[in-house]
Amino acid sequence: MAGHSTGRTAQDRSAATSRPEDTTMTITPAPAVAEALGVSRTFTSGESTVRAVRDVTLTVARGEFVAVMGPSGSGKSTLMNLLSGLDEPDAGHVTLDGVRITGSSDDEITRIRHSRMGFVFQAFNLLGSLTVEENVDLPATLGDTPLAVDPAFRAQLLRRLGITDLLQRKPGALSGGQQQRVAIARALVHRPAVVFADEPTGNLDVETGRAVLHILAEAAHDGGAGVVMVTHDPTAASAADRVVFLRNGSVVQELPRASAAAIAQTLVETVR
């Protein structure tokens, strides 16, 4: 009808067709729980010198599961020892959970290890004179201040690792796979800020290995820990959020979460 108004002014129509306000949020990266900055480590034996780690910078965020891979002699275990304070770099420095440990006293590093780290060693490092239960609870009872352990979490962890019925046995009466599961329980029972695991599935059957990887991933994603796992197994590495490849002591490649096949292919390429 002539003279009829729609009630919309030019300003209204302009507002209706204008682009919406940009509401994109900036995602702040999770803080680092373990960080190596330009670390190097050289070993000398007689006239022979080996540069095991060469100017490596690596950051592990809180809540991140990182796998470290590479051929034998590539520096994987040396790098993990540097990150965990078990060894001192010749150059560069390491920070753990906000504390610079390079150059710290042995007492300070021991205190940090006790309160903030969990270890899964390739050789288990269980105490043969203690029962399984005593070995599991050892990190929480060492030191001047006992660490708080959630009884419900502890019970669930022991059940999922299948060692509830082994608690009164000594390590010498266990198989290698059982000892590995005890070592994993010991590393996680006090919910550390960072977990270092050296070949944690190496002595396990496929099903138990899969369960252990799931538990490590949960420690990161649900518990907020940083998890660093050294492994030769592409299937194990595929459980990680990121895979770091070493060769001759240097980081040569990184992959975000990837399939076992993609990780295996990248591993082959790093040794060429």
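1. Surface first. The protein chain exposes about 14,200 Å², and carbon and sulfur atoms supply 51% of that area. Accessible areas here come from the Shrake-Rupley method with a 1.4 Å probe; for residues, only the protein chains shown count as cover. Keep in mind that this is a predicted model, where local features need pLDDT of at least 70, side-chain atom pairs count only at pLDDT 80 or more, and totals for chains, interfaces and linings use all residues. Residues are numbered from 1 along each chain as its sequence is written, and side-chain values use heavy atoms, with hydrogens and water left out.

2. Overall make-up. You'll find nine helices and ten strands in the protein chain; these are DSSP runs, numbered from the N terminus (helices: H or I, at least four residues; strands: E, at least two). Of the 272 residues, 45% count as buried. Buried means under 20% relative accessible area, exposed over 50%, and partly exposed in between (1.4 Å probe, protein chains only). As for contacts (heavy atoms within 4.5 Å), take those between residues at least 6 apart in sequence: 67% of them join residues at least 24 apart.

3. Strand S7 deserves a look. Five of the five residues of S7 (residues 194–198) are buried, so this strand is largely enclosed by the rest of the structure. In a regular strand the side chains alternate between the two faces of the sheet. In S7 both faces are covered: Val 194, Phe 196 and Asp 198 are buried on one side, and Val 195 and Ala 197 are buried on the other.

4. Who sits beside S7? Strand S6 (residues 117–120) pairs with S7 in the parallel sense over four bridges; two strands pair if DSSP finds at least two bridges between them. Met 117 has Val 194 in S7 as its bridge partner. S7 also pairs with strand S8 (residues 226–230), again in the parallel sense, over five bridges. Here Phe 196 stands opposite Val 228 in S8.

5. Now the aromatics. Rings of Phe, Tyr and Trp (its six-membered ring) pair if their centres lie within 6.5 Å; planes under 30 degrees apart count as stacked, over 60 as edge-to-face and the rest as tilted. By that rule there are two aromatic pairs. Phe 119 and Phe 121 are stacked, at 5.4 Å centre to centre with 5 degrees between the planes. The rings of Phe 119 and Phe 196 have centres 5.9 Å apart and planes at 25 degrees, so this pair is stacked too.

6. Phe 196 is buried, as is Phe 119. Ring pairs link Phe 119, Phe 121 and Phe 196 into a cluster.

7. A charge over a ring. The charged end of Arg 191 sits over the ring of Phe 153, 4.0 Å from its centre. The rule asks for NZ of Lys or CZ of Arg within 6 Å of the ring centre and within 35 degrees of the ring normal.

8. Another sheet. An open sheet of four strands, with antiparallel pairing, has the order S2-S1-S4-S5. Strand S2 (48–61) and strand S5 (99–100) stand at the edges with a single partner strand each, so one side of each is left without a neighbour in the sheet. Strand S4 (residues 91–96) and S5 run antiparallel and are joined by two bridges.
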